[in-house]
Amino acid sequence: MNSAIRAITRIAIIKGHKVTGIKKGFQGLMDGLFVPLDLRDVGDILHRGGTFLQSERSSDFYFPEGQERAIAHLKEASIDHLVIIGGDGSYRGALALFQKGIKTYCLPGTIDNDISFTDYTIGFDTAVNIVVSLINKIRDTSTSHDRTSVIMVMGKGSGNIALHSGIASGADAILLPEVPWCIEEVCHSIKKGYDRGKRHGIIVVAEGAGCGSTIAKEIEKRTQLETRNTNLGHVQRGGSPSAFDRIFASRMGDKVIECIENGIAGVAVGIEQNEITYHSIKDVLNNKPDFNYKLYEIAKNLSQ
Ligand SMILES: Nc1ncnc2c1ncn2[C@@H]1O[C@H](COP(=O)(O)OP(=O)(O)O)[C@@H](O)[C@H]1O
Ligand SMILES: O=P(O)(O)OC[C@H]1O[C@](O)(COP(=O)(O)O)[C@@H](O)[C@@H]1O
(Lines give C-alpha, C1' and ligand atoms only; values in the text may rest on other atoms or scores of the structure.)
(Ligands and ions follow the chains in the order given, each with its own letter.)
Protein backbone atom coordinates (compact mmCIF):
# COMPACT_ATOMS: atom_id res chain seq x y z
CA MET A 1 0.00 0.00 0.00
CA ASN A 2 2.93 2.32 0.71
CA SER A 3 4.03 2.02 -2.92
CA ALA A 4 0.59 3.16 -4.07
CA ILE A 5 0.53 6.10 -1.63
CA ARG A 6 4.03 7.11 -2.74
CA ALA A 7 3.12 6.94 -6.44
CA ILE A 8 -0.14 8.87 -5.99
CA THR A 9 1.60 11.55 -3.92
CA ARG A 10 4.60 12.06 -6.19
CA ILE A 11 2.74 11.90 -9.52
CA ALA A 12 -0.04 14.19 -8.27
CA ILE A 13 2.50 16.76 -7.03
CA ILE A 14 4.45 16.62 -10.30
CA LYS A 15 1.15 17.32 -12.10
CA GLY A 16 0.52 20.36 -9.90
CA HIS A 17 -1.89 18.98 -7.28
CA LYS A 18 -1.66 19.24 -3.50
CA VAL A 19 -1.82 15.96 -1.59
CA THR A 20 -3.21 15.23 1.88
CA GLY A 21 -2.85 11.88 3.62
CA ILE A 22 -5.71 10.61 5.77
CA LYS A 23 -4.64 8.57 8.77
CA LYS A 24 -6.55 5.52 10.00
CA GLY A 25 -8.94 5.00 7.11
CA PHE A 26 -12.59 6.02 7.34
CA GLN A 27 -12.27 6.59 11.10
CA GLY A 28 -9.56 9.16 10.46
CA LEU A 29 -11.68 10.73 7.74
CA MET A 30 -14.53 11.20 10.21
CA ASP A 31 -12.12 12.54 12.84
CA GLY A 32 -10.27 14.88 10.45
CA LEU A 33 -6.89 13.12 10.88
CA PHE A 34 -5.32 14.80 7.86
CA VAL A 35 -1.59 15.28 7.16
CA PRO A 36 -0.13 17.23 4.24
CA LEU A 37 2.10 15.04 2.06
CA ASP A 38 5.10 16.34 0.17
CA LEU A 39 7.52 14.51 -2.14
CA ARG A 40 9.86 13.59 0.72
CA ASP A 41 7.08 12.59 3.14
CA VAL A 42 6.62 9.42 1.12
CA GLY A 43 10.34 8.63 0.98
CA ASP A 44 11.73 5.49 2.62
CA ILE A 45 8.36 3.73 2.77
CA LEU A 46 8.49 1.70 -0.47
CA HIS A 47 10.08 -1.33 1.16
CA ARG A 48 7.88 -1.34 4.26
CA GLY A 49 4.82 -3.56 4.73
CA GLY A 50 1.41 -2.30 5.81
CA THR A 51 0.61 1.38 5.36
CA PHE A 52 2.39 4.29 7.00
CA LEU A 53 -0.97 6.09 7.14
CA GLN A 54 -2.34 3.19 9.21
CA SER A 55 -5.76 1.62 8.94
CA GLU A 56 -8.77 1.10 11.18
CA ARG A 57 -12.15 -0.59 10.93
CA SER A 58 -14.94 1.84 11.70
CA SER A 59 -18.55 0.97 12.51
CA ASP A 60 -19.73 4.64 12.49
CA PHE A 61 -18.91 4.99 8.83
CA TYR A 62 -21.66 2.49 7.88
CA PHE A 63 -24.22 5.16 8.80
CA PRO A 64 -25.14 8.39 6.96
CA GLU A 65 -24.21 10.50 10.02
CA GLY A 66 -20.63 9.17 9.93
CA GLN A 67 -20.39 9.70 6.19
CA GLU A 68 -21.67 13.28 6.52
CA ARG A 69 -19.02 13.95 9.18
CA ALA A 70 -16.38 12.70 6.76
CA ILE A 71 -17.72 14.87 3.94
CA ALA A 72 -17.71 17.94 6.19
CA HIS A 73 -14.00 17.37 6.94
CA LEU A 74 -13.20 16.89 3.25
CA LYS A 75 -14.96 20.14 2.34
CA GLU A 76 -13.32 22.04 5.18
CA ALA A 77 -9.89 20.88 3.94
CA SER A 78 -10.84 21.69 0.29
CA ILE A 79 -10.17 18.10 -0.79
CA ASP A 80 -11.67 17.47 -4.25
CA HIS A 81 -10.61 13.88 -4.87
CA LEU A 82 -10.43 10.95 -2.46
CA VAL A 83 -8.40 7.80 -3.15
CA ILE A 84 -9.27 4.75 -1.04
CA ILE A 85 -7.12 1.61 -0.85
CA GLY A 86 -8.73 -1.53 0.56
CA GLY A 87 -11.02 -4.48 0.05
CA ASP A 88 -14.71 -4.68 -0.82
CA GLY A 89 -15.76 -3.06 2.49
CA SER A 90 -13.64 -0.02 1.68
CA TYR A 91 -15.12 -0.02 -1.83
CA ARG A 92 -18.63 0.09 -0.32
CA GLY A 93 -17.61 3.06 1.79
CA ALA A 94 -16.13 4.74 -1.29
CA LEU A 95 -19.34 4.16 -3.24
CA ALA A 96 -21.42 5.67 -0.43
CA LEU A 97 -19.28 8.83 -0.58
CA PHE A 98 -19.39 8.92 -4.39
CA GLN A 99 -23.18 8.75 -4.28
CA LYS A 100 -23.09 11.77 -1.97
CA GLY A 101 -21.08 13.77 -4.50
CA ILE A 102 -17.45 13.07 -3.49
CA LYS A 103 -15.11 12.13 -6.34
CA THR A 104 -13.73 8.81 -5.15
CA TYR A 105 -11.21 6.35 -6.62
CA CYS A 106 -10.43 2.85 -5.32
CA LEU A 107 -7.32 0.71 -5.41
CA PRO A 108 -7.52 -3.00 -4.51
CA GLY A 109 -5.64 -3.59 -1.26
CA THR A 110 -6.24 -6.98 0.33
CA ILE A 111 -4.08 -10.07 0.68
CA ASP A 112 -7.13 -12.19 -0.23
CA ASN A 113 -7.10 -11.27 -3.96
CA ASP A 114 -10.89 -11.32 -4.03
CA ILE A 115 -11.84 -8.14 -5.90
CA SER A 116 -13.43 -8.42 -9.34
CA PHE A 117 -11.99 -6.84 -12.49
CA THR A 118 -8.44 -7.16 -11.24
CA ASP A 119 -6.13 -10.14 -11.56
CA TYR A 120 -4.21 -9.10 -8.44
CA THR A 121 -4.72 -7.04 -5.31
CA ILE A 122 -1.94 -5.23 -3.45
CA GLY A 123 -0.39 -7.54 -0.85
CA PHE A 124 -1.46 -10.85 -2.35
CA ASP A 125 1.83 -11.65 -4.10
CA THR A 126 3.79 -10.69 -0.99
CA ALA A 127 1.57 -12.87 1.22
CA VAL A 128 1.90 -15.88 -1.11
CA ASN A 129 5.69 -15.53 -1.12
CA ILE A 130 5.77 -15.31 2.68
CA VAL A 131 3.59 -18.41 2.98
CA VAL A 132 5.74 -20.37 0.50
CA SER A 133 8.94 -19.51 2.36
CA LEU A 134 7.34 -20.64 5.64
CA ILE A 135 6.02 -23.88 4.15
CA ASN A 136 9.55 -24.61 2.88
CA LYS A 137 10.72 -24.54 6.49
CA ILE A 138 7.83 -26.70 7.68
CA ARG A 139 8.55 -29.17 4.89
CA ASP A 140 12.16 -29.59 6.11
CA THR A 141 11.13 -30.54 9.63
CA SER A 142 8.22 -32.67 8.37
CA THR A 143 10.59 -34.69 6.20
CA SER A 144 13.09 -35.15 9.03
CA HIS A 145 10.34 -36.53 11.26
CA ASP A 146 8.27 -38.39 8.65
CA ARG A 147 5.34 -36.21 9.56
CA THR A 148 2.30 -34.79 7.86
CA SER A 149 1.81 -31.05 8.27
CA VAL A 150 -1.45 -29.19 8.10
CA ILE A 151 -0.79 -25.52 7.43
CA MET A 152 -3.54 -22.96 7.95
CA VAL A 153 -3.30 -19.81 5.89
CA MET A 154 -5.42 -16.66 5.76
CA GLY A 155 -8.55 -16.41 3.67
CA LYS A 156 -11.86 -16.36 5.49
CA GLY A 157 -13.89 -16.11 2.31
CA SER A 158 -11.23 -16.71 -0.29
CA GLY A 159 -8.93 -19.64 -1.04
CA ASN A 160 -6.54 -17.69 -3.26
CA ILE A 161 -3.60 -17.62 -0.85
CA ALA A 162 -4.05 -21.33 -0.11
CA LEU A 163 -4.33 -22.27 -3.78
CA HIS A 164 -1.34 -20.27 -4.99
CA SER A 165 0.94 -21.12 -2.07
CA GLY A 166 -0.22 -24.75 -2.17
CA ILE A 167 0.80 -25.11 -5.82
CA ALA A 168 4.11 -23.35 -5.24
CA SER A 169 4.83 -25.58 -2.22
CA GLY A 170 3.87 -28.91 -3.77
CA ALA A 171 0.98 -29.52 -1.37
CA ASP A 172 -0.66 -32.95 -1.29
CA ALA A 173 -4.06 -31.35 -0.76
CA ILE A 174 -5.38 -27.78 -0.74
CA LEU A 175 -8.62 -27.07 1.12
CA LEU A 176 -10.53 -23.98 0.08
CA PRO A 177 -13.87 -22.36 0.90
CA GLU A 178 -14.76 -22.33 -2.82
CA VAL A 179 -14.49 -26.11 -3.36
CA PRO A 180 -16.16 -28.81 -1.23
CA TRP A 181 -13.69 -31.30 0.19
CA CYS A 182 -13.86 -34.49 2.24
CA ILE A 183 -11.46 -35.89 4.80
CA GLU A 184 -11.42 -39.39 3.18
CA GLU A 185 -9.99 -37.93 -0.01
CA VAL A 186 -7.40 -35.89 1.89
CA CYS A 187 -6.24 -38.98 3.82
CA HIS A 188 -6.19 -41.05 0.62
CA SER A 189 -3.96 -38.45 -1.04
CA ILE A 190 -1.51 -38.44 1.89
CA LYS A 191 -1.41 -42.25 2.06
CA LYS A 192 -0.75 -42.48 -1.66
CA GLY A 193 2.18 -40.09 -1.26
CA TYR A 194 3.70 -42.17 1.54
CA ASP A 195 3.16 -45.37 -0.51
CA ARG A 196 5.14 -43.75 -3.34
CA GLY A 197 8.01 -43.10 -0.94
CA LYS A 198 7.31 -39.55 0.19
CA ARG A 199 8.56 -38.70 3.66
CA HIS A 200 6.12 -35.95 4.47
CA GLY A 201 2.62 -34.76 3.70
CA ILE A 202 1.69 -31.10 3.18
CA ILE A 203 -1.94 -30.01 3.47
CA VAL A 204 -2.70 -26.32 3.00
CA VAL A 205 -5.99 -25.14 4.52
CA ALA A 206 -7.56 -21.72 3.95
CA GLU A 207 -9.06 -20.20 7.12
CA GLY A 208 -12.53 -20.37 5.59
CA ALA A 209 -12.29 -24.06 4.68
CA GLY A 210 -12.02 -25.55 8.16
CA CYS A 211 -10.06 -25.70 11.39
CA GLY A 212 -6.45 -26.87 10.97
CA SER A 213 -6.08 -28.52 14.36
CA THR A 214 -9.33 -30.52 13.95
CA ILE A 215 -8.26 -31.58 10.46
CA ALA A 216 -4.80 -32.59 11.72
CA LYS A 217 -6.29 -34.72 14.52
CA GLU A 218 -8.65 -36.42 12.09
CA ILE A 219 -5.84 -37.16 9.62
CA GLU A 220 -3.71 -38.68 12.39
CA LYS A 221 -6.62 -40.79 13.62
CA ARG A 222 -7.51 -42.08 10.16
CA THR A 223 -4.00 -42.59 8.70
CA GLN A 224 -1.99 -43.37 11.87
CA LEU A 225 0.59 -40.90 10.52
CA GLU A 226 1.98 -38.37 12.94
CA THR A 227 0.38 -35.05 11.99
CA ARG A 228 0.99 -31.47 13.20
CA ASN A 229 -0.97 -28.29 12.62
CA THR A 230 0.63 -24.86 12.10
CA ASN A 231 -1.48 -21.74 11.89
CA LEU A 232 0.66 -19.17 10.07
CA GLY A 233 -1.42 -16.24 11.36
CA HIS A 234 -0.67 -12.55 10.98
CA VAL A 235 2.92 -12.94 9.74
CA GLN A 236 1.17 -13.26 6.37
CA ARG A 237 0.04 -9.65 6.48
CA GLY A 238 3.40 -8.02 7.13
CA GLY A 239 6.90 -7.88 5.75
CA SER A 240 8.61 -6.09 2.93
CA PRO A 241 6.41 -6.13 -0.19
CA SER A 242 7.46 -8.12 -3.25
CA ALA A 243 8.80 -6.29 -6.30
CA PHE A 244 5.64 -7.30 -8.16
CA ASP A 245 3.40 -5.67 -5.55
CA ARG A 246 5.52 -2.50 -5.49
CA ILE A 247 5.54 -2.14 -9.27
CA PHE A 248 1.87 -2.80 -9.95
CA ALA A 249 0.79 -0.63 -7.01
CA SER A 250 2.92 2.19 -8.46
CA ARG A 251 1.33 1.69 -11.90
CA MET A 252 -2.15 1.81 -10.36
CA GLY A 253 -1.27 5.00 -8.48
CA ASP A 254 -0.26 6.55 -11.79
CA LYS A 255 -3.59 5.47 -13.32
CA VAL A 256 -5.57 7.14 -10.52
CA ILE A 257 -3.92 10.47 -11.30
CA GLU A 258 -4.63 9.92 -15.00
CA CYS A 259 -8.33 9.38 -14.13
CA ILE A 260 -8.36 12.56 -12.02
CA GLU A 261 -6.74 14.55 -14.83
CA ASN A 262 -9.30 13.19 -17.31
CA GLY A 263 -12.31 13.93 -15.10
CA ILE A 264 -13.15 10.25 -14.51
CA ALA A 265 -14.38 9.54 -10.95
CA GLY A 266 -16.24 6.79 -9.07
CA VAL A 267 -13.87 4.17 -10.45
CA ALA A 268 -11.79 1.30 -9.15
CA VAL A 269 -8.41 0.71 -10.74
CA GLY A 270 -7.02 -2.80 -11.27
CA ILE A 271 -4.71 -4.91 -13.38
CA GLU A 272 -6.09 -7.18 -16.10
CA GLN A 273 -3.73 -9.17 -18.33
CA ASN A 274 -0.92 -6.83 -17.32
CA GLU A 275 -2.85 -3.73 -18.40
CA ILE A 276 -3.87 -1.18 -15.77
CA THR A 277 -7.61 -0.72 -16.20
CA TYR A 278 -10.54 0.88 -14.38
CA HIS A 279 -14.24 0.09 -13.94
CA SER A 280 -17.01 1.82 -12.04
CA ILE A 281 -16.94 1.02 -8.32
CA LYS A 282 -20.54 -0.13 -8.63
CA ASP A 283 -19.69 -2.68 -11.35
CA VAL A 284 -16.77 -3.99 -9.32
CA LEU A 285 -19.00 -4.47 -6.28
CA ASN A 286 -21.80 -6.04 -8.31
CA ASN A 287 -19.54 -8.69 -9.83
CA LYS A 288 -18.35 -11.70 -7.89
CA PRO A 289 -14.59 -12.18 -8.34
CA ASP A 290 -13.79 -15.21 -10.51
CA PHE A 291 -12.33 -18.22 -8.79
CA ASN A 292 -9.65 -19.90 -10.89
CA TYR A 293 -11.01 -23.47 -11.15
CA LYS A 294 -8.45 -24.29 -13.83
CA LEU A 295 -5.65 -23.55 -11.37
CA TYR A 296 -7.36 -25.76 -8.80
CA GLU A 297 -7.50 -28.60 -11.35
CA ILE A 298 -3.77 -28.12 -12.06
CA ALA A 299 -3.07 -28.27 -8.32
CA LYS A 300 -5.01 -31.54 -8.03
CA ASN A 301 -3.15 -33.10 -10.96
CA LEU A 302 0.22 -31.99 -9.62
CA SER A 303 -0.39 -33.59 -6.25
CA GLN A 304 -0.78 -37.08 -7.75
N1 LIG B 1 -21.61 -0.96 3.26
C2 LIG B 1 -20.76 -0.06 3.74
N3 LIG B 1 -21.08 1.25 3.77
C4 LIG B 1 -20.22 2.17 4.26
N5 LIG B 1 -19.01 1.87 4.75
C6 LIG B 1 -18.62 0.59 4.74
C7 LIG B 1 -19.48 -0.44 4.24
N8 LIG B 1 -18.82 -1.62 4.36
C9 LIG B 1 -17.63 -1.33 4.93
N10 LIG B 1 -17.50 -0.01 5.16
C11 LIG B 1 -16.35 0.69 5.79
O12 LIG B 1 -15.15 0.17 5.26
C13 LIG B 1 -14.30 -0.27 6.32
C14 LIG B 1 -13.43 -1.39 5.83
O15 LIG B 1 -14.24 -2.51 5.50
P16 LIG B 1 -13.76 -3.99 5.87
O17 LIG B 1 -14.80 -4.92 5.34
O18 LIG B 1 -13.47 -4.03 7.33
O19 LIG B 1 -12.35 -4.14 5.17
P20 LIG B 1 -11.92 -4.29 3.63
O21 LIG B 1 -11.88 -2.94 3.02
O22 LIG B 1 -10.57 -4.92 3.73
O23 LIG B 1 -12.95 -5.20 2.95
C24 LIG B 1 -15.28 -0.64 7.43
O25 LIG B 1 -14.65 -0.60 8.69
C26 LIG B 1 -16.32 0.44 7.29
O27 LIG B 1 -15.89 1.62 7.93
O1 LIG C 1 -7.61 -11.67 12.24
P2 LIG C 1 -7.94 -10.47 11.43
O3 LIG C 1 -6.97 -9.36 11.63
O4 LIG C 1 -9.36 -10.05 11.53
O5 LIG C 1 -7.68 -10.88 9.93
C6 LIG C 1 -8.15 -12.05 9.36
C7 LIG C 1 -8.69 -11.81 8.00
O8 LIG C 1 -7.96 -10.86 7.27
C9 LIG C 1 -7.74 -11.31 5.95
O10 LIG C 1 -6.42 -11.72 5.86
C11 LIG C 1 -7.97 -10.24 4.93
O12 LIG C 1 -7.19 -9.12 5.28
P13 LIG C 1 -7.00 -7.87 4.31
O14 LIG C 1 -8.22 -7.80 3.45
O15 LIG C 1 -6.86 -6.72 5.25
O16 LIG C 1 -5.76 -8.11 3.55
C17 LIG C 1 -8.63 -12.51 5.77
O18 LIG C 1 -8.13 -13.49 4.94
C19 LIG C 1 -8.73 -13.02 7.15
O20 LIG C 1 -9.90 -13.72 7.26
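Is N2 buried or exposed in this structure? In the predicted model described here, local features are reported only at pLDDT of at least 70 and side-chain atom pairs only at pLDDT 80 or more, whereas totals for chains, interfaces and linings use all residues. Residues are numbered from 1 along each chain as its sequence is written, chains are lettered from A and ligands numbered from 1 in the order in which they are written, and side-chain values use heavy atoms, with hydrogens and water left out.

N2 is buried, with a relative accessibility of 1%; in this classification, buried means under 20% relative accessible area, exposed means over 50%, and partly exposed lies in between (1.4 Å probe, protein chains only). The residue belongs to helix 1 (residues 2–14), where helices (H or I, at least four residues) and strands (E, at least two) are DSSP runs numbered from the N terminus. When residues up to four places away in sequence are not counted, N2 touches I45, R48, G49, G50, T51 and F52, a contact being heavy atoms within 4.5 Å.

Across the whole structure, 14 salt bridges are found, each defined as a side-chain nitrogen of Lys or Arg within 4 Å of a carboxyl oxygen of Asp or Glu. One of them joins the side chains of K24 and E56, with an N to O distance of 3.6 Å. Because K24 lies in the loop between strand 1 (19–22) and helix 2 (25–31), and E56 in the loop between strand 2 (34–37) and helix 3 (64–76), this pair ties together parts that are 32 residues apart in sequence. K24 is partly exposed at 26% relative accessibility, and E56 is likewise partly exposed at 36%.

A further salt bridge is formed by K300 and E185, whose closest N and O atoms are 2.6 Å apart. This pair links distant parts of the chain, with K300 in helix 11 (residues 293–302) and E185 in helix 7 (residues 183–195), 115 residues apart. Both partners are partly exposed, K300 at 34% relative accessibility and E185 at 43%. Within helix 11, K294 and E297 are three residues apart, about one turn of the helix, and form a salt bridge with closest N and O atoms 3.7 Å apart. E297 is partly exposed, with a relative accessible area of 41%.

S78, with a phi of about 55°, is found in the loop between helix 3 and strand 3 (81–86) and is exposed, with a relative accessible area of 58%. F117, with a phi of about 60°, is placed in the loop between strand 4 (103–108) and helix 5 (124–145) and is partly exposed at 30%.The second largest pocket has a volume of about 430 Å³. A pocket is an open set of points on a 1 Å grid over the protein atoms alone, where a 1.4 Å probe fits, with protein on both sides within 12 Å along at least five of seven lines; lining residues have an atom within 4 Å of a point. Grid points are joined across faces, edges and corners, and the volume is the space filled by probe spheres set on them. The lining comprises 17 residues, of which N113, I115, T118, D119 and D290 lie nearest the centre of the pocket. It divides into six nonpolar, seven polar and four charged residues.

According to an unreviewed UniProt entry, residues 1–260 carry the annotation "domain: Phosphofructokinase". The end C-alpha atoms of this span lie 19 Å apart, and the span is 46% helix and 15% strand.

Key:
Ala, Val, Leu, Ile, Met, Phe, Trp, Tyr, Cys and Pro count as nonpolar, Asp, Glu, Lys and Arg as charged, and the others, Gly among them, as polar. UniProt positions are given in the numbering used here, feature names are shortened, and annotations may be inferred rather than shown by experiment.
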